There are 4 protein chains.
Amino acid sequence: MEKLDKRMEELLQSEGDLTEKQRNILAAATEMFAQKGFAATSTSEIAKKAGVAEGTIFRHYKTKKDLLLSIVSPTMLRMISPFILKDINKVLNQDYERFEDFLREMIKNRQAFLDNNLQVVKVVIQEIPFHPELRDQFIQHVGQKVYQRFSETVQYYQAKGQIADIPPATVLRNVSSVILGYFATKYIVAPVGWDEEKEIDELIAFLAKGLAPE
Amino acid sequence: MEKLDKRMEELLQSEGDLTEKQRNILAAATEMFAQKGFAATSTSEIAKKAGVAEGTIFRHYKTKKDLLLSIVSPTMLRMISPFILKDINKVLNQDYERFEDFLREMIKNRQAFLDNNLQVVKVVIQEIPFHPELRDQFIQHVGQKVYQRFSETVQYYQAKGQIADIPPATVLRNVSSVILGYFATKYIVAPVGWDEEKEIDELIAFLAKGLAPE
Amino acid sequence: MEKLDKRMEELLQSEGDLTEKQRNILAAATEMFAQKGFAATSTSEIAKKAGVAEGTIFRHYKTKKDLLLSIVSPTMLRMISPFILKDINKVLNQDYERFEDFLREMIKNRQAFLDNNLQVVKVVIQEIPFHPELRDQFIQHVGQKVYQRFSETVQYYQAKGQIADIPPATVLRNVSSVILGYFATKYIVAPVGWDEEKEIDELIAFLAKGLAPE
Amino acid sequence: MEKLDKRMEELLQSEGDLTEKQRNILAAATEMFAQKGFAATSTSEIAKKAGVAEGTIFRHYKTKKDLLLSIVSPTMLRMISPFILKDINKVLNQDYERFEDFLREMIKNRQAFLDNNLQVVKVVIQEIPFHPELRDQFIQHVGQKVYQRFSETVQYYQAKGQIADIPPATVLRNVSSVILGYFATKYIVAPVGWDEEKEIDELIAFLAKGLAPE
DNA sequence: AATGAATGAGTCTTCATTCAT
DNA sequence: TATGAATGAAGACTCATTCAT
């Protein structure tokens, strides 16, 4: 955990040091990767869109793949940040009387993140299938850290009799599936007349009922 | 619907006419596309793996993209086939007393399909973000046909008092999310000690409870 | 000369034996070669336009180049036929009192030929620069036979005092240049309001005056 | 005319900016195009002969066709330069008492040009039939500018009674045909014992007599 | 630090030609 | 005789990366 935190700090703080050109490169690359995919995007396109010379990209990122990792790795960390930030996590565990409240907070928090990072998240999701290291990184972080923390939370609410006696992994699976389905619908299908409040209420009700003890 | 059926027949039956070389090409391409993605797979790799000359690929598929479409389009149709085959659908609607039974049948049926078509489905899912025509095709078929048929089914069980008064679209979303999450876990995470029967039971119980009227 | 005549007969008569498919192939190839050039025309295009299978072309013509030669060689012979047909030639020499009359007959005769063979002639002219054998063939036939026959004719009219004492080669050059310029203008530039009779009269007058003794 | 001059300046001066590699590419391409034709010359051949990597060609010329145009367009302009350079033209009109003198100057001037640009001119002539844009460019420049300027000159000498009352277009046609025939003989047939002075004298005499009033 | 010209391996695709049917 | 599937070499062009300036 110490090591992870350190690496995360490095990654996240490193973005403070970026020159404007570097930021342009990252922004351009993210946009193109999200749109056409990593493999179908050429470094010359990125350079053009970023307004820099092609050589400049390779001064900052040794290879094209390096550029991808520089985008994807910190994002993956930020995706799961609520689960690895100890302080916040403690709060989560104890601040919310009911599992529903915890869920609602979680959704709101991640929603805010998505609103600001839609493209990068798209890149992460789209590229994971093609890059084993990314997959490993993802499994290691999400599967390990998130599962661990989430389990504790679930057990907490199970102890309070709010969740049925189901394996925490199954709870995690169902909760994530439903929330992901919600986000996917909102951000990809983008239906007209989408009533956010009502949708979230229904979603939480569905989850709570489905997970409640008989 | 007639037109769709016809096109489907064409697509699906066309696979009967395939020469052995064509089948090799499709198999090799599917495998590589699933593994490395369309854009990162070269036609020379495909040719080598298929045991044919590179030129042979282009005799059968005008472009590399054409080859992708020849893999993906029929698969998309087969993915949703239970929803567009009138007869099966009727059966589904009426044969199952309880919504749970309908769900169980559905899951079994699609599971069998996945068991035989895992790779192609992987290609479909992975490539959709990068090819607008695929997305359109998908939305048109799934969003239209599946939604429509599924809605009828949902309303049928709502009338029987087994499903709460939720918009069918929301029911569809939650059901698909949970089932997809189940498949994703099974096929991607592939956890050790996976007890299929028990998982399906839990999954159906979760859905049924979550969707049941208060 | 005997050999030439024989080869010519072979070439020209051989066209009688052609099957319909062969004729289609020759016609299609001629059209495409005239339009896009030999090197830029593919055998598959020719096959398609001729309505035959690609293999069929190679059954009749061993190589693509062979097909070109089958078009070009007989045409080259027909282009210069008035000079190698002994009988006609004799007539030419003696039937026309004045050089002008000879020229007029010549132009009319070649014009008729061009009207029927414009495309093939186009191919001949366009491809000669790229195929040394064609150039050689051309020089041998035109440079040898035509020059020889035309020289006799010129000398005949020089003896009659109608042409100045210029080397026959120079006369040939100027006469051909002017006639070619005339045809080029007519067939390529194709100016509106082209009065054929008047143009020919002027052309002959120009040549006659230019070549006349002081 | 202003626009043309500008474009010409651009085209011609642009050749000053060429790097050595670019010059090598142009030289190699010209040589190969002249010898085998545009369509039959591969970019890899050009690269090899120019001593550069194949990619380098495409850094300077977006397509192979672009490379052709970069060779052909400025050459076409230089071919007709005596007719579009106002100052020279004025001189031509007035410096020469007799049409013969004008012709002699013209021939000498163009001969010098040909001596230095034989290959490029070959390319222009050989490729025009296959590239409509080239043909259009040629017709527009030669047909328009040259015809116009030459007409004025012809009318000048007609007014002086040196040329018969023939349409200037016809004069232009005959003069160009004969001069082209002269150049073709000199550069293509390249006969032994060619006496340049004598040939030009005869040629001019032929033209002058042929065009003189009765 | 930034450039952009240069590279050559690699891309998709087309080609002329062959051969089993 | 005619077909058209199959070939693999070659085509034009693009790519990620390097390096001298």
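This is a predicted model: local features need pLDDT of at least 70, side-chain atom pairs count only at pLDDT 80 or more; totals for chains, interfaces and linings use all residues.
Local features need pLDDT of at least 70 and side-chain atom pairs count only at pLDDT 80 or more, while totals for chains, interfaces and linings use all residues. Residues are numbered from 1 along each chain as its sequence is written, chains are lettered from A in the order in which they are written, and side-chain values use heavy atoms, with hydrogens and water left out.

The size of an interface is often given as the accessible area lost when the parts come together. Between chain C and chain D the buried area is about 2400 Å², with 58% coming from carbon and sulfur atoms; this is the accessible area (1.4 Å probe) that two parts lose on being put together, summed over both. On the chain C side, C:F130, C:R173 and C:F206 supply 29% of the area buried against chain D, more than any other three residues.

Four salt bridges cross the interface of chain C and chain D, a salt bridge being a side-chain nitrogen of Lys or Arg within 4 Å of a carboxyl oxygen of Asp or Glu. One of them joins the side chains of C:E199 and D:R173, at 2.5 Å from N to O.

How are the two copies, chain C and chain D, related? Chain C can be laid on chain D with an RMSD of 0.1 Å by a turn of 180° and a shift of 0.1 Å along the axis, superposed by least squares on the C-alpha atoms of residues with pLDDT of at least 70 in both. The copies are thus related as by a two-fold rotation axis. In chain C, the C-alpha of C:G210 is the nearest to the axis, 1.9 Å from it. Both copies use the same surface, as 100% of the contact residues of chain C recur in chain D.

Chain A and chain B form another interface, with 32 residues from chain A and 32 residues from chain B. Chain A and chain B bury about 2400 Å² between them, and four salt bridges are found across their interface. Among them is the pair A:E214 and B:K209, whose closest N and O atoms are 3.9 Å apart.

Conventions
Contact means heavy atoms within 4.5 Å.
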